[in-house]
Amino acid sequence: MNPLHRMERFLDQHMIPFDLVAHPHTHTSAETARATGVPPSRVAKGVLLDGVGCQMVAMVPADQEVHLGKLGLDHGVEFSLADEASVSKLFWECEPGVVPGLPNAWGVEMVWDDALMTQPDIYLEAGDHERLLHIETRYLREAFGDAPHCSFSHARMR
């Protein structure tokens, strides 16, 4: 199934309104924010993490990075960044390098950073390098389901 269709169906099933935003081809969430004119704090990026016997996606604002130590302490698991091959294997329907904005639509465990709730709306990767799903933040808890959330990101190092 097309990753965009999978996520659209997921949002429709949960009665979450959304818009689709097209943009020029980009390679990073920071580039995507620039290309769309959206502040990076409103673009959610997924980061695939490896833990002992598990994988999980951490959703953080594009201008932040995952603080692995804090997240590990909060969840009692030591995490490391997964490699590109693991991302492609898990999200094989998506273009290489893309962690979709709704990993739970694939049944993948996830955690999200509370910083996402401070924005009026959020833009999620749609499975390729040229489209985003736009949802109002008030629907974020429904979109992410019962996934845990806490504060575990910090400003990206330049």
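## A quick tour of the fold

Strand S2 (43-51), strand S7 (121-125) and strand S8 (131-136) are among the elements that cover the buried residues of helix H2. This is a predicted model, in which local features need pLDDT of at least 70 and side-chain atom pairs count only at pLDDT 80 or more, while totals for chains, interfaces and linings use all residues. Residues are numbered from 1 along each chain as its sequence is written, and side-chain values use heavy atoms, with hydrogens and water left out.

Buried means under 20% relative accessible area, exposed means over 50%, and partly exposed is in between (1.4 Å probe, protein chains only).

- In helix H2 (residues 29-36), the buried residues are Ser 29, Ala 30, Thr 32 and Ala 33. They sit on the same side of H2, because they cover an arc of only 160° around the axis (the arc is that of the directions from the helix axis to the C-beta atoms).
- Just after H2 comes Gly 37, with a positive phi of about 75°.
- Helix H1 (3-13) has Pro 3, Leu 4, Met 7, Glu 8, Phe 10 and Leu 11 as buried residues. Looking down the axis of H1, you'd find these within an arc of 160°, so they line one face of the helix.
- The cover over the buried residues of H1 includes S1, S7, S8 and helix H5 (140-144).

- How many residues of S7 are buried? The count is 5 of its 5 residues, so S7 is mostly covered.
- Asp 121, Tyr 123 and Glu 125 point one way from S7, while Ile 122 and Leu 124 point the other way.
- S2 and S7 pair in the parallel sense over 2 bridges (two strands pair if DSSP finds at least two bridges between them). Val 43 has Tyr 123 of S7 as its bridge partner.
- S7 and S8 run antiparallel and are joined by 5 bridges; here Ile 122 has Ile 135 of S8 as its bridge partner.
- S7 and S8 also form a hairpin with 5 residues between them, and Gly 127 in the turn has a positive phi of about 105°.

**Strand S6 and Asp 113**

- In strand S6 (residues 110-113), Met 110 and Trp 112 point one way and Val 111 and Asp 113 the other, and all are buried.
- S6 pairs with strand S3 (residues 54-61) in the parallel sense over 3 bridges, and Ala 58 has Val 111 of S6 as its bridge partner.
- S6 also runs parallel to strand S9 (residues 149-150), with 2 bridges joining them; Trp 112 has His 149 of S9 as its bridge partner.
- Is Asp 113 buried or exposed? Asp 113 is buried, with a relative accessible area of 1%.
- Leaving aside neighbours within four places in sequence, Asp 113 is in contact with Met 59, Val 60, Pro 61, Cys 150, Ser 151, Phe 152 and Ser 153 (contact means heavy atoms within 4.5 Å).

**The largest pocket**

- The largest pocket has a volume of about 470 Å³. On a 1 Å grid over the protein atoms alone, a pocket is an open set of points where a 1.4 Å probe fits, with protein on both sides within 12 Å along at least five of seven lines; lining residues have an atom within 4 Å of a point. Grid points are joined across faces, edges and corners, and the volume is the space filled by probe spheres set on the points.
- Of the 21 residues that line this pocket, His 27, Ser 29, Lys 45, Gly 46 and Gly 97 are the closest to its centre.
- H2, S2 and helix H4 (84-90) each supply at least two lining residues, and S2 gives the most, with 4 residues.
- The lining divides into 8 nonpolar, 8 polar and 5 charged residues. Ala, Val, Leu, Ile, Met, Phe, Trp, Tyr, Cys and Pro count as nonpolar, Asp, Glu, Lys and Arg as charged, and the others, Gly among them, as polar.

**Two loop residues**

- Met 15, in the loop between H1 and strand S1 (19-22), has a positive phi of about 55° although it is not a glycine. At 70% relative accessibility, Met 15 counts as exposed.
- Glu 93 is in the loop between H4 and S6, and Glu 93 counts as buried at 13% relative accessibility.
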